[in-house]
Amino acid sequence: MSDGPAGIGDGDRDRGGHAPRASGAARRARKRDRAAAARRSSGDAGAGPGGRPRRATARAGRSRPEPTGATDPRRVAHEALVRIDEGGAYANLVLAALLERSALDPRDRGLATELVYGTTRMRRACDWLVDRFVSGSRPLDPPTRAALRLGAYQVVVLGLPAHAAVGTAVEVAPRRSRGLVNAVLRKVADDHAARDGADGRPVFPDPATGLSYPDWIVEVLLTDLGPEGGLDALAAMNVGGEATTRDDGYTQDRASQWVADLVGTGPGERVLDLCAAPGGKATALAGAGALVVAADVRPARAGLVAGNAARTGTADRVAVVVADGTRPPLKSASFDRVLVDAPCSGLGVLHRRADARWRVTPDAVARLAALQVELVLAAADLVRPGGTLVVSVCTLTAAETTGVDAVVAERRPDLEPLPPPGDPWVPWGRGALLLPQAAGTDGMALHRYTRP
């Protein structure tokens, strides 16, 4: 779609007729416009009127084509990193927008994605690597910081040749800071080459820095899972996730597929998916022959469920409703099985969401645990006698798993827990836990109950 000025021009042409002869001032203005368009076409959009540098303040989603980064994966990655850091953009959204405007081939798209997700995920570790060699107290501006992180990630994490990694980072850095970026990254590379760590890796000051997580996430998972289990889970979530494609074409992590299987539905059963969006589990349940009511509180997300039901050929067995799961407008005891795939802090799927670890806040755990209790208690009333209630969350905190179950046990003692599934799941209180290091999947927690 055209931007504003082009749209006005299109409208003028649509009116037809003979255009009046332009004045000298108008002709000069058009000449300036053509020259500016030519500069943009040649990739010189970084210069503003009069050749002055143009500030890099464009936001993700604007329709103006990107300049010189369009054919260079590292420039695309650098631009994305600046927008994530400076403007708070979501990594997946800003990268998708930049890739869409680029002319990168599939291989370079993959490289740009790896650089954005990997550098975002490891940014605390990268900052520690470079900050040792940055002098002065003046904070680094976001473009310079992004170039340093990008270079450190390539040298230390990806293990690329130092001369190439440093050179490409310098190229994408602002001209004013290229000397600093070059000097700092060469010191990072030299230090890495002379590494005295037992396995050739840097010796970071603490696990949170080395694994690149906020302190509070490390503290919570080490407390809840134990030191060894917590560190292994954190390390596993630094490796990109690998989703699989089901027979119906839907791409989904195996852990979610296992949760859908463990609902244990059969053909013709009435099943409620209380927090259904985007619809992966609801469509899997329908694919097993169930008649599914898929609810979500937000209309847009309910629309995602409907779209995925149509794409997987299950629309005739999935009834999508917009409803608040804490007060569902549904008849009591009317479902054979109810699934509550509840909103959570997502601390089991940080490998798939590169920037989530920097966005989620400590208060989210308690807040979401309270919401989960409301959802589970509301869902329990909808299960028929003898039916099954399944509760899953893609997080690993005790507060959102065993903590919620403890409240459920107190408030609904009539719900009888079902035995936990076997390997790779492990018993977790009255439920089960799937650690991300167990099978290379999302980390999940599961509780199943039956209603007498």
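I began at Ser212, which sits in the loop between helix H10 (207-211) and helix H11 (215-225). Helices here are DSSP runs of H or I with at least four residues, strands are runs of E with at least two, and both are numbered from the N terminus. Ser212 has a positive phi of about 65 degrees, although it is not a glycine. Ser212 is also buried, at a relative accessible area of 0%. My note on the word: buried means under 20% relative accessible area, exposed means over 50%, and partly exposed is in between (1.4 Å probe, protein chains only).

Before going on, I wrote down that this is a predicted model, where local features need pLDDT of at least 70, side-chain atom pairs count only at pLDDT 80 or more, and totals for chains, interfaces and linings use all residues. Residues are numbered from 1 along each chain as its sequence is written, and side-chain values use heavy atoms, with hydrogens and water left out.

I found Ala333 in the loop between strand S5 (318-322) and S6; Ala333 is partly exposed, at 32% relative accessible area. I noted these because most residues other than glycine have a negative phi, and most peptide bonds are trans.

Then I looked up cis peptide bonds. One joins Ala277 and Pro278, with omega about 5 degrees, and Pro278 is in the loop between strand S3 (270-273) and helix H14 (280-287). Another cis bond runs from Asp423 to Pro424, with omega near 10 degrees. Pro424 is in the loop between strand S8 (416-417) and strand S9 (426-428).

**Salt bridges**

Side chains of opposite charge can pair when their charged atoms come close. The rule I used: a side-chain nitrogen of Lys or Arg within 4 Å of a carboxyl oxygen of Asp or Glu. By this rule the count is 20 salt bridges.

I looked up Asp127 with Arg145, whose closest N and O atoms are 3.3 Å apart. This pair links distant parts of the chain, with Asp127 in helix H6 (residues 123-131) and Arg145 in helix H7, 18 residues apart. Are Asp127 and Arg145 buried or exposed? Both are buried. They also belong to a salt-bridge network with Asp85, Asp131 and Arg149.

Next came Arg384 and Asp336, with closest N and O atoms 2.5 Å apart. They link distant parts of the chain, Arg384 in strand S7 (residues 383-393) and Asp336 in strand S6 (residues 335-341), 48 residues apart. Arg384 is partly exposed at 29%, while Asp336 counts as buried at 17% relative accessibility.

I also checked Asp296 with Arg301, closest N and O atoms 3.8 Å apart. Asp296 is buried at 8%, and Arg301 is partly exposed at 30%.

**Two helices**

Two packed helices are described by the angle between their axes and the distance between the axes. For H8 and helix H9 (residues 178-193), the axes come within 9 Å and cross at roughly 155 degrees. The axes are lines fitted to C-alpha atoms, for helices over the stretch in contact, and angles run from 0 to 180 degrees between N-to-C directions. H8 and H9 are therefore roughly antiparallel (under 35 degrees is roughly parallel, over 145 roughly antiparallel, 65 to 115 roughly perpendicular, the rest oblique).
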